[in-house]
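Here's a quick briefing to read alongside the model. Take a look at the structure first, then we'll walk through it.

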Amino acid sequence: MSEITLMASAKINIGLDVTGRRDDGYHLVRTIMQTIGLNDVVTVATSHEPGIVMTTNDETLPVGEDNLCVKAAKLLMDEFHITEGVKIHLEKRIPVAAGLAGGSTDAAAVLTGVNHVFQLDLTEEELMERAVNIGADVPYCLLGGTALAEGIGQELKRLPRMMDCFVLIAKPPIEVSTKYVYEHFDGLKNPTHPDIDAMVADIENRDLHSLASHMGNILEGVTVEKYPVIDQIKREMMEHGAVISMMSGSGPTVFGFFEDETLVQEAKSVLETSGLVNRVEVTSIVK
Ligand code: ATP
């Protein structure tokens, strides 16, 4: 039997712009993604019983083909005609439907795990080519770090590592469907486009304050209108010393960048007792 345990890290979008729409309805994005120190733990093991068996500590998640972990395993096992079985265990820590790419990062970990336990010898690039069939964010999750994603999110360019800071993550007690947000995006009048190129230059120049002045997430217009609590959380973070606070992905998770450890801990305490969030955590920029 062969077994591997992998950390599957969450991401935040530090800038997100929508630049158009493909004929098939997919929106074209320009987004800068960043890995943070919040992760799920994924174990992949070979098994003599054929098929894919998945277990998880999160009983709200599907464990059949609707789970991105199972989809990822099936994709490689079908292609390579693997008749042996596989067992996947997911220890879920990343909030679900939160804008943190939880499912995508699990899928990326399973691709890496299946590649390892069945010795398929696929390179990272070969895994990334297959990953896009599971979801637009999965190739990025294989790469990790600081990256610019374009197209539907799968055209990736690695950027220099983003400046270190304290990252406060806060999630209101709601789940947001990415599909809902993109479907309603086209109805937005004059959305504000963040300056992604200026952000890339700020990261190259390692200037956190200039980066903060250029950051923006065009999808906030949709999600905040439906859930004003997102704006309240952003305001709390800014009032308690954040350099910048923004929604990640299609939401509803809000993150704040802080330079000072005392301030980030204070902001965390304020949010914990605010009644606005059901999850708040201090983490960091990783990779
Ligand atoms: P993104 O930031 O890529 O839009 P997200 O963080 O908003 O993703 P996920 O946590 O990936 O969203 O969950 C979205 C949906 O996917 C949920 O409704 C969930 O049931 C389903 N799902 C399937 N597999 C998983 C998984 N392994 N972990 C979390 N959700 C999963």
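How many residues surround the ligand, and which are the closest? There are 21 around it, and Ala97, Gly99, Ala101, Gly103 and Thr178 are the closest. Keep in mind that this is a predicted model.

**Ligand site**
- Asn67 has a side-chain N or O atom 3.0 Å from a nitrogen atom of the ligand.
- Asp106 also puts a polar side-chain atom 3.0 Å from a ligand nitrogen, while for Lys92 that kind of distance is 3.1 Å.
- On its own the ligand has 610 Å² of accessible area, and the protein covers 79% of that.

**Lys171**
- You'll find Lys171 in strand 7, which runs over residues 166-171.
- Lys171 is buried but has no salt bridge. The nearest side chain of opposite charge belongs to Glu175, 5.6 Å away, and a salt bridge would have to be within 4 Å.
- What the Lys171 side chain does reach is the backbone oxygen of Ile174, at 3.2 Å.
- Further along the sequence, Lys171 touches residues including Pro95, Val96, Ala98 and Arg279.

**Pro172**
- Pro172 sits in the loop between strand 7 and helix 5 (178-185).
- Pro172 counts as buried because its relative accessibility is 0%, and the cut-off for buried is under 20%.
- Its contacts include Val229, Ile233 and Leu276.
- Pro252, Val277 and Asn278 touch Pro172 and also touch Lys171.
- Between Pro172 and Ile32 there are 23 Å in space, C-alpha to C-alpha, and the two are 140 residues apart in sequence.

How values were computed: Residues are numbered from 1 along each chain as its sequence is written. This is a predicted model: local features need pLDDT of at least 70, side-chain atom pairs count only at pLDDT 80 or more; totals for chains, interfaces and linings use all residues. Side-chain values use heavy atoms; hydrogens and water are left out. Helices (H or I, at least four residues) and strands (E, at least two) are DSSP runs, numbered from the N terminus. Buried means under 20% relative accessible area, exposed over 50%, partly exposed in between (1.4 Å probe, protein chains only). Lys and Arg count as positive and Asp and Glu as negative; His and the chain ends are not counted. A polar contact is a pair of N or O atoms within 3.5 Å; within protein, one must be able to donate a hydrogen and the other to accept it, and residues adjacent in sequence count only if both atoms are side-chain atoms. Contact means heavy atoms within 4.5 Å. A residue is near a molecule or strand if one of its heavy atoms lies within 4 Å of it. Accessible areas come from the Shrake-Rupley method with a 1.4 Å probe; for residues, only the protein chains shown count as cover. Lists of a residue's contacts leave out its neighbours within four places in sequence.
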